[in-house]
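This report describes one protein chain, from its overall layout down to single side chains. Please keep the sequence and the 3D view at hand while reading.

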Amino acid sequence: ELPSFLGTDAYKNGLIADLTTLYDCPDLWSKETHIRQVEEIAGAYLCMLGGTTAEGLFDVMPKGSVTQGFTARLLFIHALYNEKRVVEKPWGAKQEALMEPLKHDLKHIATLRGGAKFSDVARVMWADYYVNRPQADEEFADTRLQGYAARKPFYAKKLALLLSVSEGDTLIIEAHHLEKAFKLIEE
């Protein structure tokens with residue numbers, strides 16, 4: 001639950017600014033703290049998955065910040081649930097059996113170190129996608145969506161890396177990872 005994670009003072013206390021900076025993956029991120037002086041993170045690569053409602057987001061962020069900064073770096077996925085009603089969410093032996101392998105995979109992914117790289121084919125695909133994508137104002141006339149449009153390549157790159165580490169630990173983004181990421185972004 002994103003609002004619970006952020007808290008009601010996230011904008012005032014600098015958490016939103018920190019998350020915004022970390023999203024852009026600086027080589028070295030540092031922050032001065034009251035207790036421990038300076039905290040540093042080298043090679044930060046932030047990837048978060050959170051859920052909320054539109055109202056929940058406005059509870060923790062000023063309305064004016066929604067088209068810029070942190071929220072311009074988020075993918076907002078919306079679904080109408082009126083069409084499919086599930087009386088009781090399924091949780092049985094099948095879901096339970098998947099839990100331990102999922103935990104194992106996530107722990108393994110957390111141990112991976114080093115920079116990700118494109119395969120030769122993926123590098124060409126990436127360059128073509130990046131150079132030939134539409135300008136943000138060509139894609140969306142509404143200026144509130146142009147920050148999202150401008151960052152679509154970075155969303156695609158992060159998705160491609162997630163797809164890569166979900167298959168193995170080479171940290172190499174292959175062409176099929178990029179193809180799927182591009183498709184997911186467009187959907």
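## Order of the elements

From the N terminus on, the elements run α-α-β-β-α-α-β-α-α-α-β-α. That makes eight helices and four strands. Helices (H or I, at least four residues) and strands (E, at least two) are DSSP runs, numbered from the N terminus.

This is a predicted model, in which local features need pLDDT of at least 70 and side-chain atom pairs count only at pLDDT 80 or more, while totals for chains, interfaces and linings use all residues. Residues are numbered from 1 along each chain as its sequence is written, and side-chain values use heavy atoms, with hydrogens and water left out.

## The chain as a whole

Along the principal axes, the C-alpha atoms fill a box of roughly 45 × 45 × 45 Å. The accessible surface of the chain comes to about 13,700 Å², and 57% of that belongs to carbon and sulfur atoms. Accessible areas come from the Shrake-Rupley method with a 1.4 Å probe; for residues, only the protein chains shown count as cover.

Of the 187 residues in the chain, 28% are buried. Buried means under 20% relative accessible area, exposed means over 50%, and partly exposed is in between (1.4 Å probe, protein chains only). Among contacts with a separation of 6 or more, 58% are between residues 24 or more positions apart. A contact here means heavy atoms within 4.5 Å.

## Salt bridges

Side chains of opposite charge can pair when their charged atoms come close. A salt bridge is counted when a side-chain nitrogen of Lys or Arg lies within 4 Å of a carboxyl oxygen of Asp or Glu. The structure holds six of these. One of them joins Lys31 and Asp18, with the closest N and O atoms 2.8 Å apart. Lys31 lies in strand β1 (residues 28–33) and Asp18 in helix α2 (residues 15–23), so this pair ties together parts that are 13 residues apart in sequence. Lys31 is partly exposed at 28% relative accessible area, whereas Asp18 is buried at 17%.

Another salt bridge connects Lys152 with Glu186, and the closest N and O atoms are 2.9 Å apart. This pair links distant parts of the chain: Lys152 is in helix α7 (residues 143–167) and Glu186 is in helix α8, 34 residues apart. Lys152 is buried, with a relative accessible area of 5%, while Glu186 is exposed at 51%. Together with Glu139, these two residues are linked in a network of salt bridges. Glu187 also forms a salt bridge, with Lys183, where the closest N and O atoms are 4.0 Å apart. Both Glu187 and Lys183 are exposed.

## Aromatic side chains

Rings of Phe, Tyr and Trp (its six-membered ring) pair if their centres lie within 6.5 Å; planes under 30 degrees apart count as stacked, over 60 as edge-to-face and the rest as tilted. The whole structure has six aromatic pairs. In one of them, the ring centres of Tyr23 and Tyr155 are 6.3 Å apart and the planes are at 65°, so the pair is edge-to-face. Tyr23 lies in helix α2 and Tyr155 in helix α7, so the pair ties together parts that are 132 residues apart in sequence. Both tyrosines are buried.

The rings of Trp126 and Tyr129 have centres 6.0 Å apart and planes at 40°, so this pair is tilted. Both residues lie in helix α5, three residues apart, which is about one turn of the helix. Trp126 is buried at 10% relative accessible area, and Tyr129 is buried at 17%. Trp126 and Tyr129 belong to one aromatic cluster that also includes Phe118, Tyr130, Phe154 and Phe182.

Is His177 buried or exposed? His177 is buried, with a relative accessible area of 3%. This residue is found in helix α8 (residues 175–186). Leaving aside neighbours within four places in sequence, His177 is in contact with Ala160, Leu163, Ser164, Glu167 and Ile172.

The side chains of His177 and Glu167 are joined by a polar contact of 2.9 Å. A polar contact is a pair of N or O atoms within 3.5 Å; within protein, one must be able to donate a hydrogen and the other to accept it, and residues adjacent in sequence count only if both atoms are side-chain atoms.
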